[in-house]
Amino acid sequence: MELREVLLSLPSDKRSVEKFLQQQGLRLEEDVEYTVLAVEGEKTVGTGSLAGKVLKCIAVEAPLQGRGVASRILSELVQEAFRRGRDHLFLFTRPENEKLFTPLGFCPVERMEKEIVLLENRPNGFVHYLVSLRQHRVEKGVSGSVVVNCNPFTLGHRYLLEYAASRVNTLHVFVVEEDRSAFPTEVRYRLVQEGTWDIKNLILHLGGPYIISSATFPSYFLKEASEGNRLYGRFDAMIFGKRICPVLKVSRRFVGEEPYCPVTSVYNQCLKEILPQFGVQVEVIPRLEKGGRAVSASTVRKLLIEERWEEVRALVPETTLKFLQSREAEPILDRLKKKPDSRH
């Protein structure tokens with residue numbers, strides 16, 4: 001048996017991977033960057049892929065399972081990830097397959113019984129993350145939370161956070177850390193920080209790899225909606241309710257009403273289904289409207305591409321506008337014009 005790198009840019013190579021995965025009840029996801037095939041002669045007997053920090057689409061023919069094929073595929077994917085400077089890795093698998101990966105250094109983060117289990121290659125990675133959050137716990141009063149991407153930060157985001165902060169004693173705001181938006185993580189975080197400096201009961205966090213990330217909710221970042229949206233949405237909601245909320249004493253989560261993005265709309269439904277099971281109330285807040293339309297970051301991005309600055313000015317705080325008109329923003333806006341289809 002040998003391993004071969006697959007060039008997914010070649011239609012024939014891509015079709016061979018898709019066909020094998022389909023036979024195993026899986027599909028090739030669009031964010032895959034690197035794929036290998038395990039072959040015996042000309043026959044494909046296994047495959048695996050890398051997407052960011054996530055190992056995915058790993059499958060081996062049933063007769064060869066338990067004979068080291070998965071181990072060789074995984075080893076190659078881990079080495080490739082390390083070559084790309086990624087050392088904290090995750091993988092999703094079915095619960096019955098967990099035993100294939102734990103001997104290879106992957107430890108369970110969380111599982112959804114009979115559906116999926118998330119593993120990572122750090123034995124205490126999630127524990128260390130929770131410990132880092134614990135220092136921000138506020139014992140007195142009611143604590144709530146909001147998770148935002150802010151690509152970029154708009155008056156709609158400001159309205160949501162200001163309203164949520166008025167409903168609790170402490171508001172924990174998580175900015176999605178996954179760097180797959182037009183505006184880089186550091187910029188998005190800074191714009192939220194600058195745009196909410198006066199909300200005194202707001203504590204700002206980076207979301208890390210366990211809140212709306214390619215590890216916990218990979219389909220959130222894909223261009224096309226898929227059948228995995230609800231499954232991953234429920235999984236992300238479960239991790240938040242079961243593991244993160246108790247650490248910060250969060251009993252309320254606020255979300256903005258979502259009239260445009262079907263993935264976020266499904267996610268909101270998942271939060272309403274899952275979080276009450278952990279004693280967390282979910283409140284959906286109507287979007288701020290301007291000119292009869294909800295203020296959204298996607299609208300702002302479209303206006304930026306079209307250089308309609310007066311309309312942008314009406315939808316963003318002064319701090320965001322100042323950044324957008326700065327020299328620092330120029331390369332971001334250039335990239336946005338060249339690739340305007342980012343979902344979030």
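**Helix α2**

I began with helix α2 of this predicted model, and I listed as its buried residues V69, A70, I73, L74, E76, L77, V78, E80 and A81, where buried means under 20% relative accessible area, exposed over 50% and partly exposed in between, with a 1.4 Å probe and protein chains only. Helices here are DSSP runs of H or I of at least four residues and strands are runs of E of at least two, numbered from the N terminus.

I then looked for what covers these buried residues, and the cover includes β1 (2-6), β2 (34-40), β3 (43-51), β4 (54-60), β5 (90-93) and α3 (98-101); contact means heavy atoms within 4.5 Å. I also checked the length of α2, residues 69-83: its 15 residues should span 21 Å at 1.5 Å a residue, and its end C-alpha atoms are 21 Å apart, so the two agree. The expected span is 1.5 Å times one less than the number of residues. Just after α2, I noted that G85 takes a positive phi of about 80 degrees.

**How I read the model**

I number residues from 1 along each chain as its sequence is written, and I use heavy atoms for side-chain values, with hydrogens and water left out. Because the model is predicted, local features need pLDDT of at least 70 and side-chain atom pairs count only at pLDDT 80 or more, while totals for chains, interfaces and linings use all residues.

In strand β4 I found C57, which has a positive phi of about 55 degrees although it is not a glycine; at 10% relative accessibility, C57 counts as buried.

In strand β5 I looked up T93, which is buried with a relative accessible area of 11%. Leaving aside neighbours within four places in sequence, I found T93 in contact with E98, F101, E115, I116, V117 and L119.

**Loops**

I placed G207 in the loop between β10 (202-206) and α7 (228-248), and its relative accessible area of 1% makes it buried. Not counting residues up to four places away in sequence, G207 touches Y129, F174, V175 and E177. For F174, which is 33 residues from G207 along the chain, I noted a C-alpha separation of 5.0 Å.

In the loop between β8 (143-148) and α5 (155-166) I found P152, which a cis peptide bond joins to N151, with omega about 5 degrees.

K249 sits in the loop between α7 and β11 (250-256), and I noted its positive phi of about 60 degrees although it is not a glycine; K249 is partly exposed, with a relative accessible area of 25%.

**The whole chain**

Turning to the protein chain as a whole, I counted 12 helices and 14 strands. Its radius of gyration is 21 Å, close to the 20 Å that the globule rule gives for 344 residues, so the chain is as compact as a globular protein of that length; the radius is taken over C-alpha atoms, and the rule is 2.2 Å times the number of residues to the power 0.38. Along the principal axes, the C-alpha atoms fill a box of roughly 65 × 45 × 30 Å.

Of the 344 residues, I noted that 52% count as buried. Among contacts between residues at least 6 apart in sequence, 70% join residues at least 24 apart.
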